[in-house]
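Please take a look at the structure below. A short report on selected features follows.

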Amino acid sequence: MHKISLKDWVILLTIVPTALIGFGLAGYFSYSRNAEMDEVLDLRAQSIIEPLTIVGKDPLINNNREKLRQIISFAHRSQSSIIKSIAVFTLDNQVFVTSAYHGDTNSMRLKAGEKLPSYTQAEKINDFIIYRSPIIDESQATVNDSNHGPNLATKSPYILGYIAIQIDQSRMKFKQQSQYLIAFTMAFLGAVLSSIFAIKLISNVAKPVNSMVQAIDRIREGKLESRVSGQLIGELNFLKNGINTMAQSLGNYQNEMQGSIDQATIDLRESLEQFEIQNVELSIAKKKAQDANRIKSEFLANMSHELRTPLNGVIGFTRQVLKTPLSDPQRDYLQTIDRSANNLLAIINDILDFSKLDAGKMVIESIPFSLREAIEDSLVLLAPSAHKKNIELSINIDASIPDSLLGDAMRIKQIMSNLISNAIKFTQQGSVVIDITHKNIAAKRTAIKITVTDTGIGMNSEQQQTIFKAFAQADQSITRLYGGTGLGLVICQRLAYEMKGDIGFRSNPNQGSTFWFDFECEVNSLPLNIELDSHQLVNKSILYYEPHPHTRAATNDILSGLQMQVTSVDTLSQLEQAASEKTFDFALIGHNNTATALSELKKIIIQLKPRINQIHLAINSNSPSLHEALTSNGAFNCLSKPVTSNKLKLALLTKEQTQLTANNKILPIKVLAVDDNEANLKLINALLLEQVAEVALADDGLKALELCKHENFSLIFMDIQMPIMDGISTLKAIKSGSLNEQTPIIAVTAHALSGEKEKMQQQGFNAYMTKPIDETMLSHIIYEYCDFEQFTNHANVDSPALLDEKTPRLPVAKQDKHNSTIINWSLALERTGGKEALAKEMLIGLLESLTSNKQSIKQALANEDSKALKRLIHKLNGACCYTGVPNLGDICHQLETQLKNNSALEDLEPEFLELFEHIEQVLAEAPKLLSTLDEKVS
């Protein structure tokens, strides 16, 4: 957009308005003058012709042409400046006399058929105006008698002829044109004069202003010596002086500033020298801090080993002794030792979890799990604490919540256990109730919310401020009274955040507290458990007695979900009345474990037994002796509270249904598995053969590519880190030129960094699995990429009565003995699908490679070969996934994470020390386990 200059503004505000006003006035006044002259001409013509019509009447009547000619000739000569010709015409339109014999009488004569006017009329013909006026003889006027009466009679004029005058307009037009010319000439001269003044103004104002602008531009560019010169007028001279003064001030300021800069530069150099000294000191301090951090890491690692190892021995042997015949004081002492050791182990676990979260090393898994099974696992451990204090423990799970989810079940159980155990700890009487709800946030994603409400001591506002601070509890008195590290809720909060959720609470002193946490999970399309077939319970009648409202409502929901006919009562009188009025197929009696509970329940059983065959009890106790006493007195079954859906269905279906249907169809497909670790390859082959018809194996990418060029596969499981050709290179080669360009390829690795899954999907993998391979996750993958109608979950879910017959397992005592954190035999069996022979083979293979792997890792550490260390740790991590060595697997996982994040080797020294220690522990513990297993077999 063009910017209007001062010069343009001067022109616009002086010349243009003057010109417009001048020419406007000239036009207006010229037009007015012309109109006035036309009017004067018309009046003069009429003042000539009308007298002639009067004086010309008698000569025309007397036919005296000469006299009439003299009259019109005189009039013509007296007004010759405007009159060209005068003519008198008779009534019959003939020329009677004219003042100019050579005049144009034809143009002055009326046209044929044109009526003679009764008044003066004008007609313009070219540059002439013809005026015609009738000559009237009023003495001979005729009277018109009309039919309207004598009073309305009128006189008609008697016309003798008419006079026509030809007026010449040429002189008039010349005057008018002259008038226009003079007016516009004066307007033009005015505009010229205005332009002269404007030019003078521009010269005196605009040019000096422009010179000032240029001077200011030069000053802005840094040329502070620029000045505005010349003698100016008025305010411009003041402005010039101001600009020059400003330039002088800026120059002085620049000089001062330059001096300050020079001084500041000198000061800065001195400061930099000081900073260099401080940097050296900081480097020394940093090195000391790193050494302190390394010492802290070594201390945590050593503490973990030095405390866990004896604690595992204490706990294990204490439990073994508790299984032997003991006196009551001895059993009490040992139980106290067991509880104290477990409390100490929980404190150690809290400190280590907090350290992992603080260092950002906590990894949240995403594996298939059963929500209701995870909840029941937690409640089974926590219920005895509630029963001991005779607290009502109740849970209500929204029936619409999907059970099969993808997430970290262990961390979910950790948070829930912490909240429930806190609620039990701080509640002396009343109840602890758990409510579980959900909200769908996407097609296959849901947000689960778990709320724990107690009737305990509550907290005041000051105590609530510190509840989520590390190593702090509500106050010191609570710490002394109830114990604990003050880390539980901090860890829960961090874990909730890691699972894209939150945690919160509300509490009032002496009125209890309500804690809640939520987390997000993906919904697993493949069910993990085959549910009990409860169709035989449909429309069955059940009498349900429960005085606690929350437990009653939760159990009512479960029974209604089974489509049973429920009669719910909350008092003993209502129970007796309902039992006397109607017969029922089942009875479910809820009761607190009070001093008189046994006698009261016996009375109820005696009252109901004649009318109801199956009487089930639900009490706040897990005492086998109490359960046995109640069943011996006629109870069909005795359940420990809280009552859950699976527990209740299994109790009601006992003897009604003892066998579940399991459909284990093998998919008629061929699958390729690629892994450089022989043990991993052997295990994935065994797991796949349980679900698919044929499995091809390859121990490197090049062999896998050759197989893909000659055979079609329905699915390919690909390890990422392999010699010769890695998994990503193999994927690209298969996709670019083989018979399996469209075959789904699943990435399988022993390690999963955050963002690794997205990276693998960007490379072209269809899905991503982490080792150890979980059977349910494997089924989920096959379900996603194979024909679902041919697929049925192969896992057999057996009733407790048949479980021991179908699943080979160690005796209970030995099973507990071998489930340590060094070698967890139950975990090894789980990883190998319950195949004890395969689990032993995998463990032996790990033992054979551990010594050589340890030496190779030490050599790579000495050579500071990060690449070799990544390969060796990755291989060892993969081997640990299937052999039930949790401690060794965890430290391998941590080391691989740090190595992939390019951590410095000197910073990982504590982790490598812990790795070597765990290797030694496994080498020492494994022969004992294998010997025990061999003795069992023999």
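## Basis

The model is predicted. Residue numbers run from 1 along the chain as its sequence is written.

## The parallel sheet

Five strands make an open sheet in the order E14-E13-E15-E16-E17, with parallel pairing. Strand E14 (565-569) and strand E17 (637-640) stand at the edges. Each has a single partner strand, so one side of each lacks a neighbour in the sheet. Neighbouring strands are turned by 20° against each other on average, direction ignored.

Strand E16 (residues 614-619) runs parallel to E17, and four bridges join them. His 616 stands opposite Asn 637 in E17. In a regular strand, side chains alternate between the two faces of the sheet.

## Helices across the sheet

Two helices lying across strands of this sheet are described here. Helix H16 (residues 597-608) lies across strand E13 (541-545), strand E15 (586-591) and E16. Helix H16 runs at about 165° to E15.

Helix H18 (residues 645-653) lies across E13, E15, E16 and E17. Its angle to E17 is about 175°.

## Salt bridges

How many salt bridges does a search of the whole structure find? The count is 16. One of them pairs Lys 641 with Glu 546, with the closest N and O atoms 2.9 Å apart. The pair links distant parts of the chain, 95 residues apart. Lys 641 sits in the loop between E17 and H18. Glu 546 sits in the loop between E13 and helix H14 (549-561). Are these two residues buried or exposed? Lys 641 is buried, because its relative accessible area is 2% and buried means under 20%. Glu 546 is buried too, with a relative accessible area of 1%.

Asp 570 and Arg 552 meet through their side chains in another salt bridge, at 4.0 Å from N to O. Asp 570 lies in the loop between E14 and helix H15 (572-581), and Arg 552 lies in helix H14, so the pair ties together parts that are 18 residues apart in sequence. Asp 570 is partly exposed, at 32% relative accessible area. Arg 552 is buried, at 17%.

## A partly exposed pair and a network

Asp 699 forms a salt bridge with Lys 703. Their closest N and O atoms are 3.1 Å apart. Asp 699 counts as partly exposed at 34% relative accessibility. Lys 703 also counts as partly exposed, at 43%. Elsewhere, salt bridges that share partners join Glu 392, Glu 546 and Lys 641 into one network.

## Strands around E12

Strand E12 (residues 512-523) pairs with strand E8 (residues 404-407) in the antiparallel sense over two bridges. Here Leu 405 has Val 523 in E12 as its bridge partner. Strand E10 (residues 445-454) also runs antiparallel to E12, and nine bridges join them. Ala 447 stands opposite Glu 520 in E12.

Strand E11 (residues 502-508) pairs with E12 over seven bridges, again antiparallel. Arg 506 stands opposite Thr 514 in E12. E11 and E12 form a hairpin with three residues between them. Asn 510, in the turn, has a positive phi of about 65°.

Which elements give two or more residues to the nonpolar patch? The patch itself is formed by Phe 23, Tyr 31, Tyr 180, Phe 184, Phe 188, Leu 189, Val 192, Leu 193, Ile 196 and Phe 197. Together they have about 980 Å² of accessible area on the surface. The contributing elements are helix H2 (15-55) and H6. H6 gives the largest share, eight residues.

Val 192 lies in helix H6. Val 192 is partly exposed, with a relative accessible area of 33%.

## A buried loop residue

Where is Gln 169 found? Gln 169 is in the loop between strand E5 (154-168) and helix H6 (170-220). Gln 169 is buried, because its relative accessible area is 9% and the cut-off for buried is under 20%.

Leaving out residues up to four places away in sequence, Gln 169 touches Leu 41, Lys 124, Asn 126, Asp 127, Phe 128 and Ile 129.

Technical notes:
Predicted model: local features only at pLDDT ≥ 70, side-chain atom pairs only at ≥ 80, totals over all residues. Heavy atoms only, no water. Buried < 20%, exposed > 50% of the residue type's maximum accessible area, 1.4 Å probe, protein only. Contact = heavy atoms within 4.5 Å. Patch = residues over 30% accessible without salt bridge, like charges linked within 9 Å, V, L, I, M, F, W, Y side chains within 5 Å. Areas by Shrake-Rupley, 256 points an atom, 1.4 Å probe, with all protein chains shown as cover. Pairing = 2+ DSSP bridges. Axes fitted to C-alpha atoms, helices over the stretch in contact; angles between N-to-C directions.
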